[in-house]
Amino acid sequence: MSMLTNPRTQIPGGIFLTDSVIDHFFRYLMPLWPEPHQRLTFETAHGFVYTETMIQGLVQLFIFQALGELVSKFALPFIPGPVLGLVLLLAFLSVLGAVPASIDLVGGGILQHLGLLFIPASVGVVLYLPVLKANAWAISAALVISVLATVAVTAGLLKVLAKKEQAHE
Amino acid sequence: MSNEFQNYLPPISEIWVYLSGSPLLALVLTLSAYLLGLTLYERSQRNPLANPVLIAVVVVTLSISVLDMPYAKYFEGAQFVHFLLGTATVSLAIPIYKGFASLKGRMGVLLLSLVAGGITSVFTAVGMARWLGVDESLVRGLVAKSVTAPIAMGIAERVQASPTLTAIFAVSTGILGAVLGRYVLDALRVTAWWQRGFALGVAAHGIGTSRAFSVHPEAGAYASLGMGLHGIVGAVVIPYAVAWWF
């Protein structure tokens, strides 16, 4: 078996090495950037391909986040930067017509453990314990009523509108 | 020889000072508390009441008060986890994009219900809280509570609400929605999976979405769509609504 393989070969798990924007970007800017089939990857080193894909995904997400922050800073200060980054990434995915494996790998991984990320801020609850204790019942009641009403209004309206649309057709 | 070695070894108290001075302690604390939460969540067959975030927050809160560590000091270390919230928000584009694929021309209907649900969420929460005489410093934290936590905290900063309170209320809302949502849906006789899922995603964001996924994949896909769209719409509209209303 040859030591050099084409990195474009699909590895188990369905990850392609060369699907990233950055890759295309570099190849466009730098004629010397190796074509995918020129790159040296050891056949045994699927782990390497995997981590490279991970880093590509992370860098792309950071780029969209940074773009979002820039737009937020200079054009739309009332919308948080990450939300603009989300919209930009969404537009990019729609243009691409698919989710690149690298972005899917990293973004999916982060979203799977989304909860972990708001622990540091939530621990700040220690600073609010006295005022929360004093208002515990009222706050709980407001939260329960509000969530019940939100589910009811959203689902109810959805049901009515969907029925209407069906009758229309 | 052993004497020489001992000279190099700092006393244990100094090691402790070094550890608590570096971000490591806060990071290890946060991550292991979350792992513990996840384990308990899996053990309870993914019962939404055993929410891993809730468990982790309780564990970390207790630990830092036992260690006598001020919150500011803890956050100094844990901010590296906190930083990824922005990246996670950007990643939300993935489930939204995948959700679009299964839409089948329902966009208009979904958006209308989403806006109605979002308005209901803010008005009922703030209205009830004021009516019950909740402290005004807490009321602002309720404004973004039905939006997914990473975006809700971004909104909170813009409307001069506390990101902490917003996160706490968002997590509580998510748990309540995941637990109670099905009773409301059954009472209203909403049977289509996509409708049930979308409503859960709008009202109870991430926690409702994982609940929806555990019930039915179609419900889950629509729930992530509902959560993501609510995040975008909320980030644009809520700051205006607050400026106008407060």
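Trainee: How do you know how confident the predictor is in chain A?

Mentor: This is a predicted model, and pLDDT gives the predictor's confidence in each residue on a scale from 0 to 100. For chain A the mean is 76, with 69% of its residues at 70 or more.

Trainee: Which elements of chain A have the lowest and the highest mean pLDDT?

Mentor: Helix α1(A), residues 21–29, is the lowest with a mean of 58, while α3(A) is the highest with 91. Residues 1–18 of chain A have a pLDDT below 50, yet the model gives this stretch 34 contacts beyond near neighbours in sequence. Another stretch under 50 covers residues 37–45 of chain A, with 13 contacts beyond four places in sequence.

Trainee: And what is the mean pLDDT of chain B?

Mentor: For chain B it's 85, and 91% of the residues reach 70 or more. For the complex, the predictor gives an ipTM of 0.81 and a pTM of 0.77.

Trainee: OK, on to the fold. What kinds of elements are in chain B, and how many?

Mentor: Chain B has twelve helices and zero strands. Read it from the N terminus and you get α-α-α-α-α-α-α-α-α-α-α-α. The C-alpha trace of chain B spans about 80 × 40 × 30 Å along its principal axes.

Trainee: Where is chain B divided into domains?

Mentor: Domain 1 runs over 1–88 and domain 2 over 92–246, going by an automatic or database assignment. Their centres, taken over C-alpha atoms, are 30 Å apart.

Trainee: What makes the contact between the two domains of chain B?

Mentor: Eight residues of domain 1 touch nine residues of domain 2 in chain B. On the domain 1 side, α4 and α5 (71–91) of chain B each supply at least two residues. That side divides into six nonpolar residues, one polar and one charged.

Trainee: What about α5(B) and α9(B): is their crossing left-handed or right-handed?

Mentor: That crossing is left-handed. The axes of α5(B) and α9(B), residues 149–158, come within 9 Å and cross at roughly 115 degrees. Here B:L85, B:A88 and B:T89 of α5(B) meet B:P150, B:I151 and B:M153 of α9(B). The classes are five nonpolar, one polar and no charged.

Trainee: Last one. How many residues of chain A and chain B are in contact, and how do you know that they count as being in contact?

Mentor: A pair counts if the C-beta atoms, placed from the backbone, lie within 7 Å. On that test, 67 residues of chain A contact 89 of chain B. Several helices of chain A supply at least two residues each, among them α2 (46–74), α3 (81–96) and α4 (101–112). Helix α8(A) gives the most, with 24 residues. The chain A side divides into 49 nonpolar, 15 polar and three charged residues.

Notes:
Residues numbered from 1 in each chain as written. Chains lettered and ligands numbered in written order. Predicted model: local features only at pLDDT ≥ 70, side-chain atom pairs only at ≥ 80, totals over all residues. Helix = DSSP H or I, 4+ residues; strand = E, 2+ residues; numbered from the N terminus. Nonpolar A, V, L, I, M, F, W, Y, C, P; charged D, E, K, R; others polar. Axes fitted to C-alpha atoms, helices over the stretch in contact; angles between N-to-C directions. Left-handed = near helix turned anticlockwise from the far one by under 90°.
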